[in-house]
Amino acid sequence: MNAVLDLVAVALIVAATLIIGIYGLRISRTTGDFFVASRTVRPVWNASAISGEYLSAGTFLGLSGMILLGGARGFWFPIGYAAGYLLVLMFIAAPLRRSGAYTIPDFIEARLESTAARRVTSAAVLVIGWLYIVPQLHGAGITLVVVAGLPSWVGAVTVAVLVGVAVAAGGMRAITYMQAFQYWLKLTALLIPVVFIAFAVGGGPHDLDPAIVFPIEAGPSRLDVYETGSLMLALLLGTMGLPHVLVRFYTSPTGVSARRTTVLVIVMVSVFYAVSSTLGLLARMVAPDLAEPGVADTVALVLPSRVFPGLGGELLTALVVAGAFAAFLATSAGLVVSLAGVISQDVFSGSVRSFRGSALLCTAVPLGVALLTAPAGLVSSVGVVFVFAASSLSPVLLLGVWWRRLTARGAIAGMVTGAVSCGLALLVYAAVDGVGIAAPFLAQPAAWTIPLATAVMVAVSLLDRRGAPLRTDRYLARLHAPERV
Amino acid sequence: MSDIPRRVRVTADAGPSRRSGGTTRGIALPGAATRAIALPGAPVDEADAVYSRALRRSQLRLALGTTAGFVVVGATLAAVVALVPELNEIVVLGVPLSWLLHAFAFYPAILVSALLYARAASRNERLYLALRERG
């Protein structure tokens, strides 16, 4: 591996990101208004931007590592991430676009007419966002360790500083173009190496025994029904609770175009996941020795130079490194923008200055956590975020959009129940590693925490003598009625 | 004869709106749709409220139906991949077919569900708009 080449690739990505950022900033300044500017964004660009933000380090590096390490059960993660967008499309995309809310707490406050419900939602959003930024920073750390031998804090600090400063400078809010560019970069950075490696493996000597490379024990037939079902429930419902997903619908002019954009997003992320899965399959053929916890996540970076010793492999590695950094930057930036919006409105005055302060705060906290913790598997730490988002926020979003009798008290009770039960289950599992028969229920709690939270939410709402806000019917009508064009 | 049209009495149910009672393709309407009568101080458009509740119900039914369909297809696919041992024997390009199906076969199912849903949801909305124009 050639450290200089890889660092040049990182520098180029950073420079390209900043240049496109400044260019995008100028567009949004001249138009004067972000919301007007956003309506000139075509669905393809908008969908690229959403996909660019959504595909994080967890998938870019982690997915192939997961398949190498855990076998076919690793495929469930990208399937769940893609299907999560199907649920976003069907249950919340168009209604939330029409709600006019910019963040999840905005929506909850407008729907339930309650500041208390808003506060609880904001707290959940912050926890989710922070938990989600940590694996991005870990991924950046791992990357620089592998390609340049730098200590692991360098990558984390680099990404955190870049994102914090860029968002605080105000340049990130309207940069659909930057995120869109990063989707295509990430896809290219994975697709080109995969094509080259696939041809090399296909054309090389066939001494691989499929029964050894793809053993039945690690294959799809070893299916744990509870574990898989619970995981899929968390991934499917967790997507809609991620803080940076909702913001993006605002760049669609109408509910109908929000749906069209979401369908395109499903196409784009599916293509990326298919490429990423292929890399995982190739990794099992070429680099079975890397199948160790902690090392497996680096396989996407190591594979090209393993197959092509020399300059070709080095160039391909540099491309993958560039894509990986695009993943860290895009996802963290999207998250920090949404979180800073929440903090500046809830804690401070909501002014531009407080937004900047919040942006720095929102980067500093996860950076601290990332430096204090050792990176576990990237995919599983992202999985934890989905479980928490699904338990705490998905019931309130679904019931808020579709059920008119939801009340503020019910929403708060349900959110707290979901967050606490899920958090406790995961903490207990991490502390004692599960106790006998309870272990799977603690490791994958989504299958019982989501129904529990929903049941509490419905029960408390029905018992609430104050009832739903008077304007509920009108608000729901607005969510579901198509705009007149 | 002058060009001024003769005054006619306007009846409640004129023209095409007569057909809008009952169930109209997908959007359920209660037997006789409530007419919007613009009395001073009256609540805004009761008919609108009825129509939009009907729209919300039909969209929810559509979303739940599509979810159910997707879950059935997905579960079947997972079961086939897990339970048919012959798929491990068939090797395509060096990879067992069961692995290939697990890696790539779910995405088309997701995409088809998404396309079907998006088309039907837009159709529901067009129907709702058409009803409101006539009502």
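## Reading the model

Residues are numbered from 1 along each chain as its sequence is written, while chains are lettered from A and ligands numbered from 1 in the order in which they are written. Because the model is predicted, local features need pLDDT of at least 70 and side-chain atom pairs count only at pLDDT 80 or more, whereas totals for chains, interfaces and linings use all residues.

## Chain B on its own

Let's start with chain B, which has four helices and four strands. Helices (H or I, at least four residues) and strands (E, at least two) are DSSP runs, numbered from the N terminus. Along the sequence, their order is β-β-α-α-β-β-α-α.

Of the 135 residues in chain B, 26% are buried. A residue is buried if 20 or more other C-beta atoms lie within 10 Å of its own, exposed if 12 or fewer, and partly exposed in between, with C-beta atoms placed from the backbone. Looking at contacts in chain B with a separation of 6 or more, 60% join residues 24 or more positions apart; a contact means that the C-beta atoms of two residues, placed from the backbone, lie within 7 Å.

## Where the chains meet

How many residues of chain B are in contact with chain A? There are 39, and they face 36 residues of chain A. On the side of chain B that touches chain A, α1 (46-83), β4 (95-96), α3 (97-104) and α4 (106-134) each supply at least two residues. Helix α4(B) gives the most, with 14 residues. By class, this side of chain B has 27 nonpolar, 10 polar and two charged residues. Here Ala, Val, Leu, Ile, Met, Phe, Trp, Tyr, Cys and Pro count as nonpolar, Asp, Glu, Lys and Arg as charged, and the others, Gly among them, as polar.

Helix α3(B) is worth a look too. Its buried residues are Ser98(B), Trp99(B), Leu100(B), His102(B) and Ala103(B). They pack against α14 (255-286) of chain A, together with α1, α2 (86-89), β3 (91-92) and β4 of chain B.

## The nonpolar cores

A nonpolar core is a set of buried Ala, Val, Leu, Ile, Met, Phe, Trp, Tyr and Cys residues joined through C-beta atoms within 7 Å. The largest one has 181 residues, and Val269(A) and Ala322(A) have the most contacts inside it. Helix α16 (residues 311-346) of chain A gives the most to this core, with 21 residues. A second, separate core has six residues, including Ala481(A), Tyr51(B), Tyr128(B) and Leu131(B).

Leaving aside residues up to four places away in sequence, Val269(A) touches Ser51(A), Tyr54(A), Leu55(A), Tyr81(A), Ala82(A) and Tyr85(A).

## Two helix pairs in chain A

Helices α12 (residues 225-238) and α22 (residues 446-463) of chain A pack at about 50°, with their axes 8 Å apart. Axes are lines fitted to C-alpha atoms, for helices over the stretch in contact, and angles run from 0 to 180 degrees between N-to-C directions. This pair is therefore oblique: angles under 35 degrees count as roughly parallel, over 145 as roughly antiparallel, 65 to 115 as roughly perpendicular and the rest as oblique. Their contact has seven nonpolar, two polar and no charged residues.

Helix α15 (residues 299-307) of chain A packs with α16(A) at about 165°, again with axes 8 Å apart, so α15(A) and α16(A) are roughly antiparallel. The contact of α15(A) with α16(A) has seven nonpolar, three polar and one charged residues.
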